[in-house]
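Please go through the model shown here. The report moves from the whole chain to single residues.

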Amino acid sequence: MAHLSSEFSFKGLKLKNRIVMPPMCQYSVEAKDGKPNDWHFVHYTSRAVGGAGLIIIEMTDVDPDGRITDYDLGLWSDDQIPAFRRMIAEIHKYDAKVAIQIAHAGRKAEDAAVPVGPSEIPFNSQFKKPRALTTEEVRQMVVKFKEAAVRAIEAGVDTIELHGAHGYLIHQFHSPAINDREDEYGQDLARFGVEVIQAVKSVMPEQMPLILRISAVEYMDGGYDLDHGIEMCRRYKEAGVDVFHVSSGGEGPVGAARKPGNYPGYQVPFARAVKQALDVPVIAVGLLDDARLAEATVANGDADLVAVARGMLRDPYWATHAIQEVSGQVHAPKQYSRAY
């Protein structure tokens, strides 16, 4: 049996295979109300039909001004729950499990009149200057993450992912080059993330694992390296994270010292490093849309799960086709079986 098609279990989460559809913003909310619509319904359900084991719904924000754009999803209101529930129930019909990525864009909130963040440092010269959150506002933000998690669970998710990567709010707090606060949230760079994790875990079922996506390294001049990324993971694991989804960058303009790779599997070593340092399950991501590379990533023990983003945008049935390529077996819906 191919490793890609093998089952994966952790706590109460049981996946039929090792293939993850990672969160990818669709910027397609029609009424700017944060609710998924028919586009999202078809987009996510089709990847479930296509064989993905875990589908992570795109960045879903805890506050209207925490969206990258006004066309992003949100879970800041109970009114948003029914549309998510409808979509998640349909995904479940095809034996896929569902996560949702809960987040706040912080200083990268492009459509906010005045974005907020840990500090008053803008993303770059084209972005608005953020307002630094007060200490009390930071504490209130923790509550917003917790309340969004309650709504996600009410909507029927199987697990939750917190977005601590790509230069969004949790990442901004644990980045030494972005967070210049003098209060407790600056003195301890992991504190905001730890408090969010603890708050979210407090409302999650005991057997529901918590995933956190993290940028293992930064690429801007003065950005942190892998040692710092692993130390943040260590703190977050202690706070309650069960699985790490390991990416990199996104925090600012790429500098001269370290540049992101543009070759297949360039982020796999980061996932392997986190897995080895902390003995935790990890999801690898980053140009893994070659089926045999994805298979090797799992088979070699570099990662427990592989996330394929652009490959699944191009091909909703990437998972079925990848498993067929590496194993010769097909696990297609009965309605499509005669095509194989």
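What follows is a short report on the fold and on selected sites.

## Basis of the model

The model is predicted: local features need pLDDT of at least 70, side-chain atom pairs count only at pLDDT 80 or more, and totals for chains, interfaces and linings use all residues. Residues are numbered from 1 along each chain as its sequence is written, and side-chain values use heavy atoms, with hydrogens and water left out.

## Overall fold

The chain has 11 helices and 13 strands. Both are DSSP runs, numbered from the N terminus: helices are H or I with at least four residues, strands are E with at least two. The C-alpha trace spans about 60 × 45 × 40 Å along its principal axes.

Of the 340 residues, 59% count as buried. Buried means under 20% relative accessible area, exposed means over 50%, and partly exposed lies in between (1.4 Å probe, protein chains only). Contact means heavy atoms within 4.5 Å. Among contacts with a separation of 6 or more, residues 24 or more positions apart account for 70%.

## Surface and charge

The accessible surface comes to about 13,600 Å², and 48% of it belongs to carbon and sulfur atoms. The areas come from the Shrake-Rupley method with a 1.4 Å probe; for residues, only the protein chains shown count as cover.

There are 37 positive and 46 negative side chains. Lys and Arg count as positive, Asp and Glu as negative; His and the chain ends are not counted. The centres of the two sets lie 3 Å apart, with each charge placed at NZ of Lys, CZ of Arg, CG of Asp or CD of Glu.

## Helix α6 and serine 215

Helix α6 covers residues 191–201. Its buried residues are Phe192, Gly193, Val194, Val196, Ile197, Ala199 and Val200. They pack against α3 (135–155), β9 (159–164), α4 (169–174), α5 (184–187), β10 and α7 (226–239).

Serine 215 belongs to strand β10 (residues 210–215). Serine 215 is buried, because its relative accessible area is 0%. Its side chain reaches the backbone oxygen of glycine 249 at 2.8 Å. Beyond its neighbours within four places in sequence, serine 215 is in contact with Gly164, Ala165, His166, His171, Tyr224, Ser247, Ser248 and Gly249.

## Loop between β3 and α1

Lysine 32 sits in the loop between β3 (19–21) and α1 (38–49). Its relative accessible area of 40% makes lysine 32 partly exposed. Asparagine 37 is in the loop between β3 and α1 too, but asparagine 37 counts as buried at 12% relative accessibility.

The side chains of asparagine 37 and histidine 40 form a polar contact of 3.0 Å. A polar contact is a pair of N or O atoms within 3.5 Å; within protein, one must be able to donate a hydrogen and the other to accept it, and residues adjacent in sequence count only if both atoms are side-chain atoms. Not counting residues up to four places away in sequence, asparagine 37 touches Ser28, Val29 and Glu30.

## Positive phi

Most residues other than glycine have a negative phi. Lysine 32 has a positive phi, near 60°. Leucine 287 has a positive phi as well, near 55°. Leucine 287 lies in the loop between β12 (282–285) and α9 (291–299) and is partly exposed at 37% relative accessible area.

Isoleucine 121 lies in the loop between β7 (116–117) and β8 (131–132). At 29% relative accessibility, isoleucine 121 is partly exposed. Aspartate 180 is 59 residues from isoleucine 121 in sequence and 8.8 Å away, C-alpha to C-alpha. The contacts of isoleucine 121 beyond four places in sequence are Arg107, Pro130, Ala177, Ile178 and Asp180.

Alanine 113 is in the loop between β6 (97–103) and β7. Alanine 113 counts as exposed at 68% relative accessibility.

## Tyrosine 340

Tyrosine 340 lies in the segment after α11 (318–327). With 40% relative accessible area, tyrosine 340 is partly exposed. The side chains of tyrosine 340 and histidine 321 make a polar contact (3.3 Å).
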